[in-house]
Amino acid sequence: MHRRRLLQAAAAFAPAVLAGQVWAAPAAARTRLLIVFLRGAYDAANVVIPISSDFYYEARPSLAIARPDPARPDAALPLTADWGLHPALKDSLLPLWAKKQLAFVPFAGCDDLSRSHFETQDTIELGQPLQGRRDYGSGFMSRLAAQLAGVQPIAFTDRLPLSFRGGAPIPNMAVNAAAKPGVDDRQAKLIEQMYAGQALGASVKEGFTVRDAVYGSIAGEMTAASRGAVSPKGFELSARRIARLMQSRFNLGFVDVGGWDTHVNEGGAQGYLAGRLGELGRGLAGFADEIGPGAWNDTVVVVISEFGRTFRENGDKGTDHGHGGVWWVLGGQVEGGRLAGEQVAVTAASLNQDRDYPVLNEYRAMLGGLFQRLYGLDQRRLEAVFPGVGPRDLRLV
């Protein structure tokens, strides 16, 4: 056993062979990177809120989060003069922002305009040029792992995600299953019986009927869009376990969190999206706390989603499939407390196709610049991770 461990340790720092030449891969033993994929396309405009935009308040009469106001607990939390944060993240992520350990990159995403959950998720996880044939056996995180020495990757997923396909075998393990609805069918029937024959009886029964109809119309798409990802509540419950594993053993991780497809009754400061954000924020804060100050200083968490959502709310008080979004970067060494990357004033004229955020910060270039800073990857190795695109340094770390 002792000899096997010595051989494994030696292999971790051995030079790699590429095209017949021996070269030393950059060391990754101390750096920890976790990608959190919000499957279903979260509504970025109601999380990092363009508070200086009058157009935002015109476009979202029922969904808009009020401008910052210390007297209103449901108002946006001020980040800068132009941007605010959803109040559900006050106790979890705002402290990280105050410590300059959290940055946001607005107008981020990929050039895929299909607005299909599946197409765009695949595009991002593969990290390959849109033009040409896709290689579904080569994900960008697997290619990143191949460029590093001392890396111990893991996917906290039920199945190996596309981003980790190809290359050396990578372990995966599922985290907590999706949380159950607050009121199940048995409880609903009991409540209906309690109100039977009373003045509210018909309303209660109709309420559950409408709930079931709405759930039935969107549950199938949301489940499919989530691709088996853990729920935000499941992530909240599992984040500390993920932190312990990344503190002691693994240093390159991926986890996906589903439930972000908000076509109907999205809610504003309260409601469906607010609830999911609260769970996600507590999970991320718990991860940072559990991994400990020392390891947190060597950890970067990147929160991504396949695309944003339509800027204008729809007739069902929700939002539909969009384009650009907002990506998050957290960690002890993050140059945070700021909005990074190219930005534009949020007006009707600045929307992509008059419906959603444009993509001004292409994700492969953005991640390439981050990987360059984290791992010291040169242009040749970055090209192996993201072929056909140069890195863009947003000074995130």
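This is a predicted model: local features need pLDDT of at least 70, side-chain atom pairs count only at pLDDT 80 or more; totals for chains, interfaces and linings use all residues.
Figure 1. Arg60 belongs to the loop between helix H2 (54-59) and strand E5 (77-78). The side chain of Arg60 makes a polar contact of 2.9 Å with the side chain of Asn46. Leaving aside residues up to four places away in sequence, Arg60 touches Asp43, Ala45, Asn46, Glu266, Thr310, Phe311, Glu313 and Thr319.

**Figure 2. Strand E3 and its two faces.** Strand E3 covers residues 32-38, and seven of its seven residues are buried, so the strand is largely enclosed by the rest of the structure. In a regular strand, side chains alternate between the two faces of the sheet. In E3, Arg32, Leu34, Val36 and Leu38 point one way, while Leu33, Ile35 and Phe37 point the other way. The residues of both groups are buried.

**Figure 3. The partners of strand E3.** Strand E3 pairs with strand E10 (residues 299-305) in the parallel sense, over seven bridges. Within this pairing, Thr299 of E10 is the bridge partner of Arg32. Strand E3 also runs parallel to strand E9 (residues 252-257), to which six bridges join it. Here Phe37 stands opposite Asp256 of E9.

Figure 4. In soluble globular proteins, nonpolar side chains tend to be buried together. The largest nonpolar core in this model has 59 residues, of which Phe104, Leu284, Phe287, Trp328 and Leu330 touch the most other members. Helix H9 (residues 272-291) gives this core its largest share, seven residues. A further core of 43 residues lies apart from it and includes Ile35, Leu148, Val302 and Met366. Not counting residues up to four places away in sequence, Trp328 touches Tyr42, Val47, Leu93, Leu102, Ala103, Phe104, Leu280, Leu284, Val301, Val302 and Val303.

**Figure 5. Helix H9 and the glycine after it.** Of the 20 residues of H9, 14 are buried, so this helix is largely enclosed by the rest of the structure. At 1.5 Å a residue, H9 should span 28 Å, and its end C-alpha atoms are 29 Å apart, which agrees. Just after H9, Gly292 takes a positive phi of about 90°.

Figure 6. Most residues other than glycine have a negative phi. Lys100 has a positive phi, near 60°, and is found in the loop between helix H3 (94-98) and strand E7 (102-109). Phe107 also has a positive phi, near 55°, but its place is in strand E7. Phe107 is buried, with a relative accessible area of 1%.

**Figure 7. The whole chain, for orientation.** The chain contains twelve helices and 13 strands. Of its 397 residues, 53% are buried. Among contacts between residues at least 6 apart in sequence, 72% join residues at least 24 apart. The chain exposes about 17,400 Å², and carbon and sulfur atoms supply 53% of that area.

Methods:
Residues are numbered from 1 along each chain as its sequence is written. Side-chain values use heavy atoms; hydrogens and water are left out. Buried means under 20% relative accessible area, exposed over 50%, partly exposed in between (1.4 Å probe, protein chains only). Helices (H or I, at least four residues) and strands (E, at least two) are DSSP runs, numbered from the N terminus. Two strands pair if DSSP finds at least two bridges between them. Contact means heavy atoms within 4.5 Å. Accessible areas come from the Shrake-Rupley method with a 1.4 Å probe; for residues, only the protein chains shown count as cover. A nonpolar core is a set of buried Ala, Val, Leu, Ile, Met, Phe, Trp, Tyr and Cys residues joined through side-chain atoms within 4.5 Å. The expected span of a helix is 1.5 Å times one less than its number of residues. A polar contact is a pair of N or O atoms within 3.5 Å; within protein, one must be able to donate a hydrogen and the other to accept it, and residues adjacent in sequence count only if both atoms are side-chain atoms.
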